[in-house]
Amino acid sequence: MRAGENRVWLLHIAVVLVILALHFVLPPYHHGILARVMVLAILAMGYNFAFGYTGLLSLGHALFFGAGMYAMGLGITGLGLSPGIAVLFAIVCSVLVSAIIGSLALRTAGVSLMIVTLMFAQAGWYLILYFGEITRGDEGFVIPQAQRLVAGIDLADSNNRYLIALILFAIVLFTTLKLVRSSFGKALVAIRENEERAKMLGYNVFAYKLGAIIVSGTISGLAGAAYGLLFGYVGATFASVQYSILPLLWVLLGGASTILGPFVGTLFMTYLIDISSEFTEAYLLVAGVILVLLTLFARQGIVGEVKKRFAPWLP
Amino acid sequence: MAAVNLLETKNLTKQFGGLTAVNGVSFELPAGQVRALIGPNGAGKSTLVGLLCGRIEATAGDVFFEGHKVTHIPAHKRIGMGMAYTFQITSIFGKLSLHENVALAARPHHKGGAGDLDQAVFGALGDVGLQDRAEELASDLSYGHQRLLEIAMGIVQKPKLLILDEPTQGLADVEVEQFNALIKRLSETSTILLIEHNMNVVMETADFITVLNFGEVLAEGTPQEVRANKLVQDAYLGAG
C-alpha cells in the first residue's frame, strides 16, 4: 500500500520536473505554448474535479473562468489592487460565485444541470457585455506591463511567465491529487458512482456536490485570474461558451477522473490545432476527425486508456 | 430515561397517488430485538422501511428513533443517528474495490485513524467471509457475494438499528446458514429489522414477527404465534 502511494507522488513530481527542465531547452515558440497550456490545464483540472470525479456535467465553467479573470483585472485597473492581492481577490470572488451558482444549479441534475449551468454562464457573459463601460465589453482591456510586477518580478517576461505558470500548475496538480485521495474525494466518487447508495450510507450528497462545485469553480477562477495576469489581457471571449466547451473537450481527450488527463488533453489539443493548421486551412476538420477517432477508439481518453491497460494505480 | 423502544411509528401512512401503500401503521421495535417484517408481495414492506430510514417521505403519521421524532429528518442524518440500511436490489459501488465499498460505509461513522478504519473494514468483510477478496472489484463478485458485501456495508457502520431488506435473496443454502449465524452474532450488539421472504430464516433468527398485508399490520407475535395465526395463513395462501 505504502509503495503504491510513493509511486503516485513520484510520478507527479517527475511530470512537474520534466516541465521545469523543458523551460531550459524549449525554443521560444514552444516555450510560449507550454506556458499557455499550463494555465489552461488549471482550468481543465478544475473542470475535471466536478465532471470527472463527481460526475457533474457542467456547461458553464466559462463563468468561473471569466469571474476569476475579471475580478483580477478589474481589481488591478479599477480598484488599484496589486497583482498578488488581485489574484487573492479573484479567488475569494470565485468561491462566492461558485457557491451561489452551485447552490442554485445543484437543485437539478443530469441534462437539466447542463442547461442550467449553460444559462448561468450565458447570463454572466451578457452581464460583461451589458456593463461595457466598466468591463470594456467585447474589446476587453489590457493590463499594462507596469501593473504586472509581483515583488519586483515582471510577469510580462516570458521566462517569469513560464515559471509562475508552472508553480500555479504544480500547486493545483498536487492539491487536486491530495483532494481526490482524501475521504472527501472518495465520497465524491461514491456519489458519482451511486448517489442513492451514498445518501443511504450517511453522506449529505447535496453538501458534497456543492463542495465539489466550489473547489472546481475556484480552481477555474484561479486559472482565469492567472491567464489574465500572465498574458496581460482580459476580454469577454474568455467568458463565452467556448471556454465552457473547451475544458470539457480537454478533459474527455486526456481522461476524465485522472489527475494528469486534463494537462495531457489540453496539450494534445493545442498541438493538434497548431500542427494541423501548418498544413491546411481546414485545420479544424483535421482536429475534428482526430477527436472523433479518439472518442471511438480511446473512450477513456489518453491517460484513461493508459490507466485502464497498463497502470490501474493511476489516480 | 432511555427510550425503551428504539424505533416507533404512529399511524404512519404513505400514499402514491390513489394507492395507499402503507396505511396507519403503528409499530414498536424494542432495543435489542431481531424483528422480522413479513407479508405477501406488495404488502408495503419495502415502502414501510423506506419511510423508517427516510428514503421515502411520509404522507401522514410519525417516526420516532430513540424517542426523537425523525419524520422530517433527511435520510443521511438518520443514518448518522445510527440507522443502517441495506438495499433489496443490490446497490454497491461496482467499479470500486470491496475494501473501498466497505470503507465508504464506515467513514461517516468513523472517528479514528486510517489504521482503525482498515481494521473495521477487514472485520466487517471477515464477518461475511469476504476478507480475502478485499482488493477485487465489487462488480466481479457473484450476485450472492454482492448481497454479502451489502450486509458488510451495513455491519461496518456498527448501527443501533440494522435494516436488512431481503438479505438472503439469491444466497445459496450454505450462505443462508452462515447468514443466520451472522444475524445471531450481530443481534448481541444491534437491533435488527429484517424483511424476509425465506421463512426458514425468519423462524430461525427472529424474536418477534410483524405481518403486513395491504399496507396494514395484520398480526404480530412470536414466530410460534404467527405460524399458528389463522389470518396470516389465509393472507399468505390467499395471495399465493
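I started with one pair of residues: Thr13(B) has Ala60(B) of E4(B) as its bridge partner. Helices (H or I, at least four residues) and strands (E, at least two) are DSSP runs, numbered from the N terminus. Before going on, I noted that this is a predicted model, where local features need pLDDT of at least 70, side-chain atom pairs count only at pLDDT 80 or more, and totals for chains, interfaces and linings use all residues. Residues are numbered from 1 along each chain as its sequence is written, and chains are lettered from A and ligands numbered from 1 in the order in which they are written.

**First sheet, chain B.** I looked up the strands around that pair. E1 (residues 5-16) and E4 (residues 60-65) of chain B pair antiparallel over five bridges; strands count as paired if DSSP finds at least two bridges between them. They belong to an open, antiparallel sheet of four strands, ordered E2-E1-E4-E5 in chain B. E2 (19-30) and E5 (68-69) of chain B are at the edges with a single partner strand each, so one side of each has no neighbour in the sheet.

E3 (residues 34-38) and E8 (residues 191-195) of chain B run parallel, joined by four bridges. Within that pair, Arg35(B) has Leu193(B) as its bridge partner.

**Helix on the sheets.** I checked H1 (residues 45-53) of chain B and saw that it lies across E1, E2 and E4 of chain B, at about 60 degrees to E2(B).

**Where the chains touch.** How many residues of chain B are in contact with chain A? I got 15, against 13 residues of chain A, with contact meaning C-beta atoms, placed from the backbone, within 7 Å. H2 (75-81) and H3 (98-106) of chain B each supply at least two residues of chain B's side. H2(B) gives the largest share, four residues.

**Confidence.** Chain B averages a pLDDT of 89, and 97% of the residues score at least 70; pLDDT is the predictor's confidence in each residue, from 0 to 100. I also wrote down ipTM 0.87 and pTM 0.89 for the model.

Note on methods
Contact = placed C-beta atoms within 7 Å. Axes fitted to C-alpha atoms, helices over the stretch in contact; angles between N-to-C directions.
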